[in-house]
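These are my notebook entries on one structure. I looked up its helices, the contact between its chains and some backbone angles.

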Amino acid sequence: MSASTESGSPAGKTWKSKEEFLGCVTLTDWLLLVILFAVLLGSFHIHYMLLAGDWDFWIDFKDRRMWPTVTPIVAMCFAAAAQSFFWTRFRLPIGATTVVLALLVGEWINRYDNFWGWTFFPINLVFPSALIPMGFWLDIVLMISGSWLVTALLGGLGWGLLFYPINWPVLAQYHQATEIDGVLLTLADLIGFNYVRTGTPEYIRMVERGTLRTFGKDVVPVAAFFSGFISMLVYFLWWNVGKWFSTTKYLEIEEV
Amino acid sequence: MKSLNLQSMAKCATARVVRLWILGVVVAGALTTLPATPASAHGERSQQAFLRMRTLNWYDVKWSKTELNVNDEMELTGKVHVFSGWPQAVARPGESFLNVGEPGPVLIRKSAFVGEVPVPRTFSMDVGKDYEYKIVLKARRQGRYHVHVQINVKDGGPIVGPGQWITIKGDMKDFTNPVTLLEGSTIDLETYGITWTYIYHFFWMAAATAWILYWFMTKGIIVRYWQVKAGKGRELIGQDEKRIGAITLAAVLLAVLVFYAAANREFPRTLPMQAGLLTGISPIDEPRSTVAVQFKGGSYTVPGRELRIRAKVTNNGREPIRLGEFTSAGLRFLNPEVFTTRPDFPDYLLADRGLSVSDHNPIAPGETRDLEVIVQDARFDIERLSDLAYDTDSQFGGLLLFFSPSGERQRAEIGGPVIPKFQAGATL
């Protein structure tokens with residue numbers, strides 16, 4: 001890591017040497033990175049579990065309509081806020097990628113330790129949704145355009161559109177057909193049926209419920225466009241939420 | 001100000017703080033990874049008495065085995081009466097799901113039937129009817145577990161039936177769950193697709209980590225902050241950086257396309273998930289009961305744990321009958337005058353001397369008689385049915401089972417309001 005003192009750093013005044021000053025900056029950078037990552041992991045995880053919840057917990061909730069609609073929209077909140085923080089304060093094009101990585105790390109710890117380790121649900125029932133390529137998309141659109149408006153419009157739409165194709169490489173294998181006692185099921189349905197969840201009855205699932213049938217079997221594109229559209233609006237709002245919270249004014253006291 | 005901030009941050013980054021921080025991470029890690037003791041009960045006693053007594057009345061519940069090896073199968077069978085006086089406070093069972101109360105999937109559910117109909121999905125039940133069910137379970141994890149039948153009712157919650165201790169021997173690592181796909185191949189659903197799921201997710205997580213570290217390692221956080229603060233933010237993202245971003249984005253989108261196409265090539269025939277309400281399931285097809293019971297009043301003596309029911313019983317059958325059992329909320333109260341041998345049923349739910357009647361003589365065919373039925377046993381209190389006295393709707397419910405000399409059984413539903421008696425020795 002290179003650190004410049006050209007912008008008027010206090011090296012030579014408080015520190016004994018330039019090396020000591022740079023070492024302090026580097027150490028503080030690492031501490032900041034780890035702390036930020038942990039804070040984003042915890043807060044985004046709670047937010048996402050409360051709003052996406054069962055859609056993300058269980059494979060038999062990952063349908064073609066509700067899951068690709070709800071999940072990107074609720075994930076956009078923290079992605080936009082983190083971009084606002086990392087971009088406006090540091091010009092770092094990593095906000096969205098960092099929060100989705102933090103979320104995924106938290107989710108995998110949760111799914112492996114709690115869902116598998118404590119209650120023995122197989123991982124193929126409880127793996128989380130993949131989001132990382134969406135984070136890349138949002139960050140790089142912001143970096144190239146340099147505009148949060150363009151990112152909201154183009155990035156938000158792509159955020160919604162990319163979600164299902166990103167997850168399909170894992171999901172496809174569980175949408176193969178089987179039958180049990182003469183009833184047609186996908187493997188995803190069957191995993192949910194086989195591995196008993198006492199508190200999660202089948203009727204809780206919202207599998208393609210709704211009245212929109214105009215587009216026949218092409219449910220995903222409609223859901224994805226809708227999700228992308230709402231993600232744009234969510235981006236506008238949460239960019240500003242991130243901006244409001246990206247301040248140190250509450251800490252600016254004489255002692256500090 | 002800048003200098004002050006950096007000094008204070010440097011002061012914070014002392015060895016002591018770093019040690020404390022590492023300790024915090026270790027404690028957090030330990031808290032999330034330490035093994036937990038499996039739950040042994042499912043809160044059935046915590047459900048309100050009226051809910052358990054006046055919704056679903058379970059009877060003839062049987063567990064085909066109580067000891068299994070991993071991969072062995074057992075059947076959980078029985079019948080359930082949907083109580084006519086279904087409480088207003090609970091949604092009706094128009095959308096219900098046949099479930100199992102157990103601590104995680106220690107046994108997996110291979111199939112489930114209501115009547116002759118397979119019910120991997122939600123189904124509809126009618127109030128006042130009786131249904132027969134069968135659940136085929138396969139032992140998965142070693143241990144001793146309390147296994148209940150359970151029906152979840154939409155907007156009503158789980159209604160837990162009787163439970164039995166099941167012992168599973170062996171080792172979960174030997175468990176398999178073979179499933180045959182429609183295209184003919186057989187897979188082990190226990191592990192199917194998990195390795196690929198890990199690879200795919202951790203590939204993207206590694207890519208994201210590399211992206212974050214690349215930007216972090218170039219100029220860190222604090223230096224970037226100073227430069228942005230100094231109005232030099234534009235210098236941080238120049239043409240070179242944008243070129244790197246564009247190449248990365250192109251690579252990411254290409255990878256998404258390749259993975260997507262590969263999935264479609266490998267799995268050309270996929271279906272959307274299957275869902276929907278199963279309706280028209282037939283209740284148990286058996287002759288109408290020949291016993292008519294009319295509730296005439298009742299009381300519950302709180303200190304004595306005694307439920308007294310006054311009922312007018314009419315025998316419309318061809319044989320004399322005697323009251324042998326009252327069942328409610330999964331508990332069975334037996335009349336020892338009728339049950340001379342103890343049936344095989346979990347002890348904590350079986351009061352084999354818990355029922356008596358004011359008149360032990362059989363009720364002759366065509367006869368109508370007023371009976372006082374006394375249900376008394378500590379289990380009434382242990383299973384928290386005594387809380388009936390504190391419900392907002394203090395009504396009980398259950399099934400009376402009458403027996404003829406030839407062994408024929410007649411069911412009759414009974415229920416209604418009871419008056420609590422808070423002093424021992426009080427009478428109706």
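Conventions. I note that this is a predicted model, in which local features need pLDDT of at least 70, side-chain atom pairs count only at pLDDT 80 or more, and totals for chains, interfaces and linings use all residues. Residues are numbered from 1 along each chain as its sequence is written, and chains are lettered from A and ligands numbered from 1 in the order in which they are written.

Entry on chain A. I counted nine helices and two strands in chain A; helices (H or I, at least four residues) and strands (E, at least two) are DSSP runs, numbered from the N terminus. Along the sequence I read the pattern α-α-α-α-α-α-α-β-β-α-α. Of the 256 residues in chain A, 52% are buried. Here a residue is buried if 20 or more other C-beta atoms lie within 10 Å of its own, exposed if 12 or fewer, and partly exposed in between, with C-beta atoms placed from the backbone. Among contacts in chain A with a separation of 6 or more, 69% join residues 24 or more positions apart; a contact requires C-beta atoms, placed from the backbone, within 7 Å.

Entry on H6(A). I checked the span of helix H6 (residues 132-145): at 1.5 Å a residue its 14 residues should span 20 Å, and its end C-alpha atoms are 20 Å apart, which agrees. The expected span is 1.5 Å times one less than the number of residues. I found 12 of the 14 residues of H6(A) buried, including Trp137(A), Asp139(A) and Met143(A). In chain A, the buried residues of H6(A) pack against helix H3 (66-90), helix H4 (95-118) and helix H7 (148-171). They also pack against helix H4 (194-219) and helix H7 (239-266) of chain B.

Entry on the chain contact. I find 91 residues of chain B in contact with 88 residues of chain A. H4(B) supplies the largest share of the chain B side, 16 residues. That side divides into 53 nonpolar, 26 polar and 12 charged residues; Ala, Val, Leu, Ile, Met, Phe, Trp, Tyr, Cys and Pro count as nonpolar, Asp, Glu, Lys and Arg as charged, and the others, Gly among them, as polar. For H4(B), 26 residues should span 38 Å at 1.5 Å a residue, in agreement with end C-alpha atoms 38 Å apart. Its buried residues include Trp204(B), Trp211(B), Trp215(B) and Lys219(B). Just after H4(B), I noted a positive phi of about 65° at Gly220(B).

Entry on two non-glycine residues. Most residues other than glycine have a negative phi, and most peptide bonds are trans. Arg91(A), not a glycine, has a positive phi of about 55° and lies in the loop between H3 and H4 of chain A. Arg91(A) counts as buried because it has 22 C-beta neighbours inside 10 Å. Asp181(A) likewise has a positive phi, near 55°, and I placed Asp181(A) in the loop between strand S1 (177-180) and strand S2 (183-186) of chain A. With 14 C-beta neighbours inside 10 Å, Asp181(A) counts as partly exposed.

Key
Contact = placed C-beta atoms within 7 Å.
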